[in-house]
Amino acid sequence: MKDTTKNIIFENVKLFDGEKIIENATIVIKDGLIADVLDKDEAIQDDQAEFTGQVYNLKGRTLLPGFIDAHTHLDLHGMADTYDENLVEDKLRAIRAAKEMETTLQAGFTTIRNLGSVNGIDISVKAAVEQGIINGPRILTSGKILCITAPGSEYFNGLYEEVNGYDAFKEAAREQLKLGADVLKIMATGAIMNPGGVAGAVQPDVDEIKAVVEEGDKLNKKVASHAHGAEGIKNSIKAGVHTIEHGTFADEEALEMMLQHNIYYVPTLAPDYFMTEYGKEGGVAPFMVEKLKHKKEARIKTLRKAVEMGIKVASGSDAGTPYNFQGNNAREMALMVEYGIMSSQEALKTGTKIAAKACGLEGEVGQIKQGMEADLIVIDGNPVEEINLITDTKNIQLIMKSGKIVKDVLSRS
Ligand SMILES: [Zn+2]
């Protein structure tokens, strides 16, 4: 929803434009879009001379693109044992998710890509945001996750659509698209978070994944593939998917294929971090803790190698998994720095410019650039120097989505 009643200028800005820092910039917002980005040597141009809107002097605070989370589950609640999520009735889950989308927006996330939702709750919550019933981020929806008949699916009642064979995958993809999916999500390998799921094991055949890609292509929708094991990653890439989620046990060949095929890698470090942090003592299901033992280190190693090779990495928190509460989405970027995998500046790119590309939203969001949606946040301090500033919402002093201010604790000048 665009707010066309106000024009806004941000002056004296330390700008992180999605790529680099620009000192003393001026940003002009008009009709919900970024109308101009001026550096310190450029004067406000003629067409802005009649500007009568509001002026914010940021006094050197950092202005960044609104963050993007490329992998969430908005109707999961971060319960210690994911099975307990099933015990909450769908309508209540939807109301809870709506409230938590407000929390997510208030954490500076103006866009999320939801990869898997029980009975299409994400599609309804997205509609509520778009109709202005609730405040929330821009939401890309997947509806249900498409997977083969396999042990463990019953652990997520209503989340998976179990299908088998090329034709059935086609039909299931069409069904999610009809319901309003913006992106299709498939399980290419087993999972960590259900009993019986073998994380490294291949699930659908290449032609089954291909069926989903073909249906997505017809409507220009991307396919996100949950793939821990190397063979599942390779099958996904052969079939033409666009993003690899998790990628835990990627071998040299799998990583090389990601690079060659321009695949975006969404590692999702946060669930491992939170589940290990809270462990069995915190009520995390013992089988999850067991499965995590080797996986956490493997994933960090894979990500490090992927970054060294130049594979494009997008930040996705897997929000909603145990203790990984909605609104803590920024932890993912902070972990990439904490593990020594990349600099703060590179980590911020994974949650802005690169995440936008992974989601197919380049040119719309993820950068502070003329003509883009006015999705931005103002942080007290410089997260390029101190990444942990982004994990405490108190440091986020202003949030704007499509030109509409949804948080403002700055004194106005
Ligand atoms: Zn997930």
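A salt bridge here is a side-chain nitrogen of Lys or Arg within 4 Å of a carboxyl oxygen of Asp or Glu. By that rule, Glu373 and Arg138 are joined through their side chains, with 3.5 Å from N to O. The model you are looking at is predicted, and the rule finds 27 salt bridges in the structure.

Let's start with the overall layout. The chain splits into domain 1, made of 8–65 + 367–408, and domain 2, covering 67–358. Their C-alpha centres are 30 Å apart, and the contact draws on 25 residues from domain 1 and 24 residues from domain 2.

The size of an interface is often expressed as the accessible area lost when the parts come together. Between domain 1 and domain 2, about 2100 Å² is buried, with carbon and sulfur atoms giving 62% of it. On the domain 1 side, Ile387, Ile390 and Lys401 lose the most area to domain 2, together 26% of what that side buries.

Polar links cross this interface too: there are three salt bridges and nine residue pairs in polar contact. On the side of domain 1 that touches domain 2, the elements giving two or more residues are β5, β17 and β18 (404–408). The largest share of that side, four residues, comes from β17.

UniProt, in an unreviewed entry, lists residues 62–406 as "domain: Amidohydrolase-related". The end C-alpha atoms of that span lie 17 Å apart, and the span is 37% helix and 18% strand.

**Salt bridges along the chain**

| Pair | Closest N to O distance |
|---|---|
| Asp380 and Arg61 | 3.9 Å |
| Lys295 and Asp272 | 2.9 Å |

Asp380 forms a salt bridge with Arg61. Asp380 sits in the loop between β16 (376–379) and β17 (396–401), and Arg61 in the loop between β4 (54–57) and β5 (62–65), so this pair ties together parts 319 residues apart in sequence. Asp380 is partly exposed, at 38% relative accessibility.

Lys126 belongs to helix α2 (residues 121–130) and Asp182 to the loop between α3 (166–179) and β11 (183–187), so the link joins parts 56 residues apart in sequence. Lys126 is buried at 16% relative accessibility, and Asp182 is buried at 18%.

Lys295 meets Asp272. The bridge runs from helix α8 (residues 286–309) to helix α7 (residues 270–278), so it ties together parts 23 residues apart in sequence. Lys295 is buried at 3% relative accessibility, and Asp272 is buried at 1%. Elsewhere, salt bridges with shared partners join Lys170, Arg174, Glu214, Glu215 and Lys218 into one network.

Definitions and conventions:
Residues are numbered from 1 along each chain as its sequence is written. This is a predicted model: local features need pLDDT of at least 70, side-chain atom pairs count only at pLDDT 80 or more; totals for chains, interfaces and linings use all residues. Side-chain values use heavy atoms; hydrogens and water are left out. UniProt positions are given in the numbering used here, feature names are shortened, and annotations may be inferred rather than shown by experiment. Buried means under 20% relative accessible area, exposed over 50%, partly exposed in between (1.4 Å probe, protein chains only). Domain bounds come from an automatic or database domain assignment. Contact means heavy atoms within 4.5 Å. Buried area is the accessible area (1.4 Å probe) that two parts lose on being put together, summed over both. A polar contact is a pair of N or O atoms within 3.5 Å; within protein, one must be able to donate a hydrogen and the other to accept it, and residues adjacent in sequence count only if both atoms are side-chain atoms.
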